Amino acid sequence: MGRFFFFSFQLSLLWVPIIFPTVILQSKPAMALPLYTNSRWIIDGEGQRVKLACVNWVSHMEVVVAEGLSKQPVDAISQRIKSMGFNCVRLTWPLFLATNDSLASLTVRQSFQNLGLSESIAGIQANNPSIVDLSLIQAYQAVVSGLGANNVMVILDNHISKPGWCCSGSDRNGFFGDEYFNPDLWVKGLTRMATIFNGVANVVGMSLRNELRGARQNVNDWYRYMQKGAEAVHSANPDVLVILSGLNYDKDLSFIRNQPVNITFTGKLVYEMHWYAFTDGKAWESGNPNQVCGRVVNNMMRLSGFLLEQGWPLFVSEFGIDMRGTDVNDNRYFNCFMAMAAEHDLDWALWTLAGSYYLREGVVGPSEYYGVLDWNWCDTRNPSFLKRISALQSPFQGPGLAETDRHTVIFHPLTGLCVLGKSLLEPLRLGPCADSEAWSYTSQKTLKLMGTLYCLQAQELDDPATLGVICTVSRSKWEIISDSQMHLSSKVGNGTTVCLDVDSSNNLVTTTCKCISRDNMCDPGSQWFKLVDSTRSSNSKESF
């Protein structure tokens, strides 16, 4: 990704009143860093777009040790993250790690012993013996080091104050002034973490606080303290991106629309938001998916998506689903999320890496079904999910990505694939978006292959969609219909309305349009297509 930096430093924690063994970070090449912002894009020092395609790695729970280290070595986990296509980790931390000297100076062994987790100690001794007698803050740094050795960027996320599961409206961690959320102590903790990681090249950003919430939340205090925290972080570590969350569990940044943040620095500010299926209760399961998707996306654009139009990067720092694939609410939501993330080419962080936890809410060793890894942290829980999101791990557009003229790709959220048009002799089918040809959606509502005379055509109901050269007839016109704005509808010879669809072999066909009415028992996922702007050239070696 451009120039390389080499780094190493000693982890001498001057603010802890006890001397610990020193940990040396390995000297390894990091990415083209630090990062900056250019309008709504995140870029490197050479002005090239860097798309954050991250995964959350939990390190804020009671033990205050990154999850999974009793199952696998840090290096193996870091390599696995890279091999799954993620380029960064949102690494969570509790505020008390940086402000409570007695907690930070506990060794990993002592932290587990205090919670009666002897089996986990044995696992860490076997898989990560070098950290078992490090202090908690040094163990955290060792994880950052392991990620850096594998060229994985890190965003430090202050997830909570008191270590434990997050979040609820009554956990006394939610907003400035809560029992465990002293604003001055918070700024002190941010400053310490920013200082500790100043010069660590793969630490590219700091998220100031996760999911502000609760009865105390208000806009005036948000501006007062978030601006103060942002200035403190930038002063202590001017290299990192400063990432600000909104109100109401990271859903609401609407107040920024008319009152911009007032800070002294530029080129480093990013906003973050969260979006899950359960954000809207059971609406996806009980409602018509087209209507729910349209309503939820419009609401999200009103609360936070408008920042893209105002020229600010928007980082979806948490989203995710039950990886077992059995939750209807999650599955319908995720089709809509995929479309939104592709259309706006969002930066994001998947929740979560963890396949299991040491301890969660009093339960030892529970599974995490939102985790991309399995309980043993050995295998992926749902390999098809990783294939599906792979199209979102690369940018469609942005600074430095003008490989070809601006065009459209026809993205299919259910599969994460795009429409390919390789030959008149073969059916149109779905394939990797990196291999997609350049399409254009014209003012006449035709979908044309750029640089050719060919356009997408419907034939008859339940027949394959084809390419043709007579692009003025009704079956060559494609209306974008339904509340979701993702059905591509045409009329065939007898006037019948059909929608673009895919069959079980991922071939394009035209079928009766699904879920256009208020029916909540149907699933339109196979008929959802999103027209996505791109300047990325095709990897395909075939020429139409």
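The structure is a predicted model, in which local features need pLDDT of at least 70, side-chain atom pairs count only at pLDDT 80 or more, and totals for chains, interfaces and linings use all residues. Residues are numbered from 1 along each chain as its sequence is written, and side-chain values use heavy atoms, with hydrogens and water left out.

**Barrel**
- Eight strands close into a barrel in the order β5-β6-β7-β8-β9-β10-β11-β12, with parallel pairing; the twist from one strand to the next averages 30°.
- Strands are DSSP runs of E of at least two residues, numbered from the N terminus, and two of them pair if DSSP finds at least two bridges between them.
- Angles run from 0 to 180 degrees between N-to-C directions, with axes as lines fitted to C-alpha atoms.
- Strands β5 (residues 53–57) and β6 (residues 88–94) run parallel and are joined by four bridges; C54 stands opposite C88 in β6.

**Hairpin β24–β25**
- β24 (residues 497–502) and β25 run antiparallel, joined by four bridges, and D501 has V509 in β25 as its bridge partner.
- Five residues lie between the two strands of this hairpin, and N506 in the turn has a positive phi of about 65°.
- In β25 (residues 508–511), L508 and T510 point one way and V509 and T511 the other, and all are buried (buried is under 20% relative accessible area, exposed over 50%, partly exposed in between, with a 1.4 Å probe and protein chains only).
- In a regular strand, side chains alternate between the two faces of the sheet.

**Disulfides**
- Counting pairs of cysteine sulfur atoms within 2.5 Å as disulfides, the total is seven.
- C166 and C167 form a disulfide with sulfur atoms 1.5 Å apart; it is right-handed because the S-S torsion is about 65°.
- C166 is buried at 10% relative accessible area, while C167 is partly exposed at 22%.
- The sulfur atoms of C418 and C433 are 2.0 Å apart in their disulfide, which links C418 in strand β16 (residues 417–420) to C433 in the loop between β17 (429–431) and β18 (439–441), 15 residues apart.
- C455 and C471 are joined with an S to S distance of 2.2 Å; C455 lies in β20 and C471 in the loop between β21 (466–468) and β22 (479–481), so the pair ties together parts 16 residues apart in sequence.
- The torsion of C455 and C471 is about -105°, so this disulfide is left-handed.

**Surface**
- L453 is in the loop between β19 (447–449) and β20 (455–457), and is exposed at 62% relative accessibility.
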